[in-house]
Amino acid sequence: MNNSNLSSVLIHQVYSEKELLSLKKHQWGVEGDSRSCFSQYSRTQNGATILEMKHRDSCSGPKANTNQKLENRLISDDIRVKSIQSQIKNILSSQQESPSQTQIPINSGIKLQTLNYIVSITLGGRNLTVIVDTGSDLTWVQCQPCKLCYTQPEPLFNPLISPSYQSVQCSSPACHSLQFATGNSGFCEKDVPTCNYVVTYGDGSYTHGELGRDGLVLGTNKVENFIFGCGYNNKGLFGSASGLMGLGRSDLSLISQTYDMFGGVFSYCLPDSDSGSGSSGSLILGNDTSVFKNTTPISYTRLVQSPQLYSFYILNLTGISIGGVDLNSPNFDKNGILIDSGTVITRVKPSIYAAIKAEFLKQFSGYPPAPSFSILDTCFNLSGYDEVSIPTVRMQFEGDAEMSVDVSGMFYFVKRDASQVCLALASLSYEDEIGIIGNYQQKNVRVVYDTKEMRLGFAKEICNFN
């Protein structure tokens with residue numbers, strides 16, 4: 001196959017248990033401009049709402065130092081993973097000491113720079129772009145009058161000019177739900193009955209303001225009295241987004257608040273942001289699978305119910321295969337594995353990673369090595385190749401469910417000329433930590449979260465909103 005036959009995006013061809021990756025057409029992180037990321041594209045179909053989903057780099061403006069940006073992203077990712085592990089240990093240890101204590105989910109402590117995907121909503125008549133996070137519960141946006149705000153291209157939400165905005169009172173159930181949803185209790189200023197919230201993150205970022213309610217429009221569906229955080233003090237690396245959409249499982253999450261409308265089901269298909277094609281994926285709210293564009297059947301596995309770690313989406317990983325070869329490890333199916341839209345690179349236990357690395361190097365042999373990069377230690381110099389065949393990675397879960405990692409999620413391109421390309425998987429620091437499936441390995445996969453039936457599904461899908 002010569003280059004003239006290659007399309008402008010990644011070429012996918014399956015040779016038994018290998019996939020062909022076109023290197024010449026794969027450029028890391030083609031940047032957009034710094035204008036608003038608001039997408040006018042959404043639709044309602046068969047009772048489901050379909051929102052266009054973009055990688056936030058597509059409208060975050062040009063970056064002078066791409067290599068530094070790449071390294072910073074992995075450093076940020078490592079901080080997020082370490083904070084997740086730390087808080088899981090804290091939650092579990094506090095449970096052992098006091099089983100009756102209220103569980104505090106892991107919502108604070110994440111590093112916001114790793115949250116990559118954005119969608120557009122209309123709140124109180126204002127068009128806003130928000131970062132999507134399955135690891136958070138409270139949806140919040142920046143509000144006027146702003147005491148401290150980061151720069152965003154879209155006008156700030158102004159509750160004073162929204163005729164339907166109402167402050168949430170201190171005595172309300174929503175205010176009492178903040179402890180579980182954010183890890184911090186709602187609080188009130190002296191002689192003011194309005195409920196205040198605060199969410200802090202591991203890198204020093206935070207949002208602080210009042211809890212409010214207003215009309216939320218998702219596609220053509222309107223959610224009355226949607227509860228969200230109206231942030232008057234906000235600091236952090238939120239890019240061009242106006243705030244954050246929480247897709248966790250507490251009472252204040254968007255999924256819980258729209259349960260009557262969408263049945264507690266949502267799914268996403270994350271686009272391949274690195275191909276330079278400007279592609280966009282979709283976030284679908286609702287349980288009608290006929291609106292998906294999946295090319296393989298959806299295979300479901302159960303969501304592990306853990307009272308202590310209620311906010312997480314946890315699965316039982318039972319195996320991994322590389323190029324059709326099943327790996328042997330005694331640590332499959334131990335403690336489960338999280339799936340997270342905010343972590344970038346998938347992490348597995350050190351013993352499992354050692355098995356993955358050994359088998360991958362056995363099958364992907366003969367290519368010149370390249371130096372390690374940040375958390376990635378299996379790297380190659382592929383600058384002399386137009387295309388390479390990569391062993392397929394499949395993750396198996398309880399109930400015979402399977403997720404095949406798309407070829408676009410296999411390699412992290414450190415250098416645009418492919419002189420430093422790394423296997424996009426990493427090891428956890430310790431054997432007793434819990435694994436995490438990151439968004440890099442979820443690209444071009446339809447991931448279905450069904451909180452009603454307590455299951456999660458996977459299917460292959462080339463993510464394209466149009």
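**Strands, a helix and disulfides under the definitions**

Mentor: Strand 17 and strand 18 make a hairpin. Two residues lie between them, and Gly323 in the turn has a positive phi of about 55°. This is a predicted model: local features need pLDDT of at least 70, side-chain atom pairs count only at pLDDT 80 or more, and totals for chains, interfaces and linings use all residues. Residues are numbered from 1 along each chain as its sequence is written, and side-chain values use heavy atoms, leaving out hydrogens and water.

Trainee: What makes strand 17 and strand 18 a pair?

Mentor: Strands are DSSP runs of E, at least two residues long, and helices are runs of H or I, at least four, all numbered from the N terminus. Two strands pair if DSSP finds at least two bridges between them. Strand 17 and strand 18 (residues 325-326) have two bridges, in the antiparallel sense. They therefore meet the rule. Across this pair, Ser321 stands opposite Asp326.

Trainee: Which way do strand 17 and strand 23 run, and how many bridges join them?

Mentor: They run antiparallel, with five bridges. Strand 23 covers residues 393-397. Its Val393 stands opposite Ile322.

Trainee: Why is strand 17 called largely enclosed?

Mentor: Buried means under 20% relative accessible area, exposed over 50%, and partly exposed in between (1.4 Å probe, protein chains only). Five of the six residues of strand 17 (residues 317-322) are buried, so the rest of the structure largely encloses it.

Trainee: How many disulfides are there?

Mentor: Six. The rule is a pair of cysteine sulfur atoms within 2.5 Å. Cys379 and Cys422 qualify, with sulfur atoms 2.1 Å apart. The torsion about their S-S bond is about 100°, so this disulfide is right-handed. Cys379 lies in strand 21 (residues 379-380) and Cys422 in strand 26 (residues 421-423), so the link ties together parts 43 residues apart in sequence.

Trainee: Why is Cys379 counted as buried?

Mentor: Its relative accessibility is 5%, so it falls under the cut-off. Cys422, at 0%, is buried too.

Trainee: What joins Cys175 to Cys195?

Mentor: A disulfide, S to S 2.2 Å. The link of Cys175 and Cys195 is right-handed, with 85° about the S-S bond. It connects distant parts of the chain, 20 residues apart. Cys175 is in helix 2 (residues 173-182), and Cys195 is in the loop between helix 2 and strand 9 (196-200). Both cysteines are buried.

Trainee: Why are the buried residues of helix 2 said to line one face?

Mentor: They are Ala174, Cys175, Ser177, Leu178, Ala181 and Thr182. Down the axis of helix 2 they fall within an arc of 150°, so they line one face. The arc is that of the directions from the helix axis to the C-beta atoms. The face turned away from the buried side carries exposed Pro173 and His176. Just after helix 2, Gly183 takes a positive phi of about 85°.

Trainee: What covers the buried residues of helix 2?

Mentor: The cover includes strand 9, strand 10 (206-218) and strand 11 (221-235).

Trainee: What makes a set of residues a nonpolar core?

Mentor: The members are buried Ala, Val, Leu, Ile, Met, Phe, Trp, Tyr and Cys residues, joined through side-chain atoms within 4.5 Å. The largest has 73 residues, and Leu218, Met245, Leu283, Phe397 and Phe411 have the most contacts inside it. Strand 11 gives the most to this core, with five residues. Another core, of 19 residues, lies apart from it and has Cys195, Tyr197, Val199 and Leu252 among its members.

Trainee: Which residues is Phe397 in contact with?

Mentor: Contact means heavy atoms within 4.5 Å. Leaving aside neighbours within four places in sequence, the partners of Phe397 include Leu315, Leu317, Ile337, Met403 and Phe458.

Trainee: Where is confidence lowest, and where is it highest?

Mentor: Confidence here is pLDDT, the predictor's score for each residue from 0 to 100. It is lowest in strand 1 (residues 14-15), at a mean of 39, and highest in strand 21, at 97. The protein averages 83, and 83% of the residues score at least 70. Over residues 96-114, pLDDT stays under 50.
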